[in-house]
Amino acid sequence: MPKQTFINDTQKIYDFITTEKTHINRLFEHLEKNEINKLSIIDDFARALDLDDDLTNEKRLALITRLVSLRDDSLVQTLKKENKNAEQIIELQEKAYGYVKVFWLEKHKKTVDFIKKNNLLTPFYQEIFKGVYNVGVAMTSWQSAWTAHIINGVNKELLAKFDNKEDEVFKYLEDNHLFDLGHNELLADRCYSALVKEGDGYKSKSYMHAFRKETTAVIDALEEFEDALVNLEDTVYNQKWEYVLYLQTLIKAFSESHTHLLVQRWADVDRAWMKITTPIQIGHPLEYYEDHFRKAVALEWDIRLTSPTLQNNTNRVNKIKNMFSTIFYSFEMDENFANHKKIFDFSFKSLDKVQLYLGRPAMFFAAEFNGLFSAQVVPNDEIVTSEEGKKIFAFSDEILQSSRAKPFLKLSQEIFGQEFLTHERKFLFKEDEKWHQVYDITTIGHEYGHILWCDEETETLMNKTGNFKNIEEFKATTGGLVSFFISNDEDDLRHQVLSDTVKRAVGLIGWMEVDEVLPYYCEGLIHLNALFDTGVLTWKKQKLSININDEKYEELKKWYITTYQDLAQHYLNKKDATEFLNKYAQKDEEHFMPVDSTIYSFVEYYFQRYKQIGQELDTTDKKENYI
């Protein structure tokens, strides 16, 4: 098959997935228009969770958000309002996961069938879609047991054992050698194992031992996938053996029973994966947000489709490099300079090896039925990165489509006011090209920002008290922002970048009680310090005022550059992350809260209103005003 024919087929699949998502997003539209007769699937979902008594639009929105956007924070708040206790909520979250997975597995099967029926791509790539689907079914069957054992089982037991004192949990895990060992026999920054109760303590066991039935099913599906590919040829990209080797390393990693070899096995998976450079990218277990203590890598599994119309963008990485060098060489050359320069060089080389993929998730499974990413930079293994680089995935089309589908909410109206929202909505619905430019600055810039100031041991050394991720997301976003501030050649977007930062910082407060996205919530708290310290935001008499003028912009720019310099030095010196986080936010009983009393008051108020009216529709403004 000629490459151009393959690209044309890729576009047909991309368009099919976009259209399917449009149909799914219409559930929001039906709710906005009060077309309740078209929401029978939501009625059925409510019945499955025994929530069909007094089915209000507020409940319907929480259920649509869980089904369509794959987020359950709204559902959890709805369940709390129904006076469900913690055990009941966990049980209903699991029932909701079961309903969501059936819905999406059917959608993904439709994608596989569409490709086969229309004879798109080549037999080799048809088999990749089919194989990813079959492995995805097995991975999805495992997800519930993984969550029950690690997140809702062992982690809650450990917290109870040490009276909710997280620092004591970390000390216990380290003292008892319950973390996986990584490269060079050092403590790893993540785990591919689970703790299993033995007597009064725990033993770390590989997934093959802790989840034998589920892991074996995944391995069987991977072996069938591999066998199918061996009998076919990649006549377009000539990467047959790269895919086959990748599947073989996955089989070996899932089969490994010795915990001290797990990180090495999965590093081999990442190495093999980095060699695959086609527009059809598979995603495997890469991230570890859910497990706060041992960073057990989540059961990710998906296929990502690169858009034929979105070109690779080298503009952003060049701006990041310029900023990175400017900040680094602004520091005094003291006795630590040689060590710091090694870290700088390590990160700079990683930037040079980045592969950028712009597209959308085509099919996704397992942990991803609990939420998709807007972008991703992986692998997290810095030894592999030093050898092979990283891949950045950015899903701007997906995010724009989803953002436009979401309904207007009463909470946004109350907090931000109509003037701010009108400006934001005009931009969202009418300025496609500029919207993508802002996404490039803030989101793709964020992913490049993750790469900076780190080497192979940074995370392990900075995470002794478990807060590395809780400052890392701020570091990433701020890296993108500071590169924007320093470059000065996209100044026409300054208002939109700033208002986007305001929306993000305030909106992240709603994630206060969602453990797996705690790093983003903490990021938002630090951004709020920037916005309040510079007077962009003020909070008086339970009213938020927003001032985005040129003077405030310059103050904010200065705040971010100064704070980023401090943070960069914190990373270069590999200080514990908690030291930096505690300047802005500290644990207040259960949750991190702002140190500043005014910001504390605002966060407390916003979250209370989020719980009270967070799922209520705003009927004072309509999408028809913008479309």
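How many salt bridges does the count come to? The structure is a predicted model, and in it the count comes to 44 salt bridges. Side chains of opposite charge can pair when their charged atoms come close.

**Salt bridges**

Three of these pairs are set out below.

| Pair | Closest N to O |
|---|---|
| Lys 21 and Glu 398 | 2.8 Å |
| Asp 44 and Arg 47 | 3.8 Å |

The salt bridge of Lys 21 with Glu 398 ties together parts that are 377 residues apart in sequence, because Lys 21 belongs to helix 1 (residues 3–32) and Glu 398 to helix 15 (residues 396–405). Lys 21 counts as buried, since its relative accessibility is 9%, and Glu 398 is likewise buried at 9%.

The other two pairs each lie within a helix. Asp 44 and Arg 47 are three residues apart in helix 2, so that about one helical turn separates them; Asp 44 is partly exposed, with a relative accessible area of 35%, and Arg 47 is also partly exposed, at 45% relative accessibility. Lys 109 and Asp 113, four residues apart in helix 5 (residues 86–117), are again separated by about one helical turn. Lys 109 is partly exposed at 36% relative accessibility, and Asp 113 is partly exposed with a relative accessible area of 37%.

**A charged patch**

On the surface, a patch of negative charge is formed where Asp 50, Asp 52, Asp 53 and Asp 54 gather. Asp 54 is placed in the loop between helix 2 (40–48) and helix 3 (57–69), and because its relative accessibility is 60%, Asp 54 counts as exposed.

**A strand pair**

Strand 1 (residues 193–198) and strand 2 (residues 201–206) run antiparallel and are joined by six bridges. Leu 195 has Ser 204 in strand 2 as its bridge partner, while Glu 198 stands opposite Gly 201 in strand 2. The hairpin made by strand 1 and strand 2 has two residues between the strands, and in this hairpin Gly 199 takes a positive phi near 65°.

**Backbone features**

Most residues other than glycine have a negative phi, and most peptide bonds are trans. Against this background, Lys 295 is not a glycine and yet has a positive phi of about 55°; Lys 295 lies in the loop between strand 3 (280–283) and strand 4 (300–306), and it is buried, since its relative accessibility is 5%. Lys 574, which is not a glycine either, has a positive phi of about 55°, and its place is in the loop between helix 23 (550–572) and helix 24 (577–581). At 17% relative accessibility, Lys 574 also counts as buried, because buried means under 20% relative accessible area.

The peptide bond that leads from Val 378 to Pro 379 is cis, with omega near 5°, and Pro 379 is located in the loop between strand 6 (375–378) and helix 14 (382–388).

**A contact across the sequence**

Ser 412, in helix 16 (residues 410–416), is partly exposed with a relative accessible area of 22%. Although 91 residues separate Ser 412 and Lys 503 in sequence, they are 9.3 Å apart in space, taken from C-alpha to C-alpha.

Technical notes: Residues are numbered from 1 along each chain as its sequence is written. This is a predicted model: local features need pLDDT of at least 70, side-chain atom pairs count only at pLDDT 80 or more; totals for chains, interfaces and linings use all residues. Side-chain values use heavy atoms; hydrogens and water are left out. Patches are made of residues with over 30% relative accessible area and no salt bridge: like charges are joined within 9 Å, nonpolar side chains (Val, Leu, Ile, Met, Phe, Trp, Tyr) within 5 Å. Accessible areas come from the Shrake-Rupley method with a 1.4 Å probe; for residues, only the protein chains shown count as cover. A salt bridge is a side-chain nitrogen of Lys or Arg within 4 Å of a carboxyl oxygen of Asp or Glu. Lys and Arg count as positive and Asp and Glu as negative; His and the chain ends are not counted. The place of a charge is taken as NZ of Lys, CZ of Arg, CG of Asp or CD of Glu. Buried means under 20% relative accessible area, exposed over 50%, partly exposed in between (1.4 Å probe, protein chains only). Two strands pair if DSSP finds at least two bridges between them.
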